[in-house]
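Visitor: I have some questions about the structure shown here. Could you take me through them one at a time?

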Amino acid sequence: TRLIGDDSRQRRILVSDEGEHWAHLAVSGPQAREVLHWLPVRQAAWDDAALPPGALREMRFGGNRLRVMRVGEFGGPQYELSIGAGHAGSLWRSLGEAGKKAGLMPVGMGARDLVLLETGRSRQVTGDGGRDVVGLLGEEPRQLLAEGARVVLEDALGQPSVIAHVGISRMSPNLERAIALAAIADGRALIGRQVRVVAERGAMPAEIVDPVFHTHDRRRDDG
């Protein structure tokens, strides 16, 4: 908890971080809607009309507040559920029961984010203002490109310039190598170009590549 005052000190705002008081679960995939349909949630409607992508709704689970946000990233409809930390176990068990017929598989958020990265998407790297999300492959397959490292490109005269920073970097079990994403101005036009990724520990040659490293079997979210 901290107190914030503006320069005039005419107003004082008390900000309290409640993050640790909430637990967060995500249900994703082509049968996510069917799984949630079997949860004991009062007056819940999971279709596109009631809960379109980007919508946030507050519901009740076992008499407790349940915040549901519809997100859309890959492999079908996706929902993020937030509930008081003390009730997370009950929600987890209910999801497990509801998902048995659908073959629901529990994975950590890190695994989900890695799947996103392999398909060229990440919450940490977004293309905007003329910047394209592109992939980076370092010369050393087993060595991660440091997140935040400078991506340096030389022009036709050999003059180097920093064109981006590494946004996210992980080891991919599917590809058995390190992969990374960065947002670069007109990045698509630079695919195939060689760059240097410069970090505190040194520099590594790398190539700008298509951001889709691996295509997972999936079905579209047809609503």
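Visitor: Which residue in the turn between strand 10 and strand 11 has a positive phi?

Guide: This is a predicted model. Strand 10 covers residues 168-172 and pairs with strand 11 in the antiparallel sense over five bridges. The two strands form a hairpin with four residues between them. The turn residue with a positive phi, of about 55°, is Glu176.

Visitor: Which residue stands opposite Ala183 in strand 11?

Guide: Strand 11 also pairs with strand 7, residues 131-138, in the antiparallel sense and over six bridges. Opposite Ala183 stands Val133.

Visitor: How many residues of strand 11 are buried?

Guide: Strand 11 runs over residues 177-185 and is mostly covered. It pairs with strand 7 and with strand 10.

Visitor: Is Ala98 buried or exposed?

Guide: Ala98 belongs to helix 2, residues 88-98. Beyond its neighbours within four places in sequence, Ala98 touches Val35, Trp38 and Leu39. Its relative accessibility is 14%, and the cut-off is under 20%, so Ala98 counts as buried.

Visitor: How far apart in space are Ala98 and Pro40, C-alpha to C-alpha?

Guide: In sequence, 58 residues separate Ala98 and Pro40. In space, the C-alpha to C-alpha distance between them is 9.5 Å.

Visitor: Which element gives the most residues to the largest nonpolar core?

Guide: That core has 22 residues, and those with the most contacts inside it are Leu81, Leu91 and Leu95. Elements giving two or more residues to it include strand 3 (22-28), helix 1 (32-37) and strand 6 (78-84). The most, four residues, come from helix 2.

Visitor: How many residues does the second, separate core have?

Guide: Among its members are Val151, Ala164, Ile184 and Val195. In soluble globular proteins, nonpolar side chains tend to be buried together. The count for this second core is 17 residues.

Visitor: Among contacts between residues at least 6 apart in sequence, what percentage join residues at least 24 apart?

Guide: The protein has three helices and 13 strands, and 36% of its 223 residues are buried. Among contacts between residues at least 6 apart, the share joining residues at least 24 apart is 59%.

Terms used
Residues are numbered from 1 along each chain as its sequence is written. This is a predicted model: local features need pLDDT of at least 70, side-chain atom pairs count only at pLDDT 80 or more; totals for chains, interfaces and linings use all residues. Side-chain values use heavy atoms; hydrogens and water are left out. Buried means under 20% relative accessible area, exposed over 50%, partly exposed in between (1.4 Å probe, protein chains only). Two strands pair if DSSP finds at least two bridges between them. Contact means heavy atoms within 4.5 Å. A nonpolar core is a set of buried Ala, Val, Leu, Ile, Met, Phe, Trp, Tyr and Cys residues joined through side-chain atoms within 4.5 Å.
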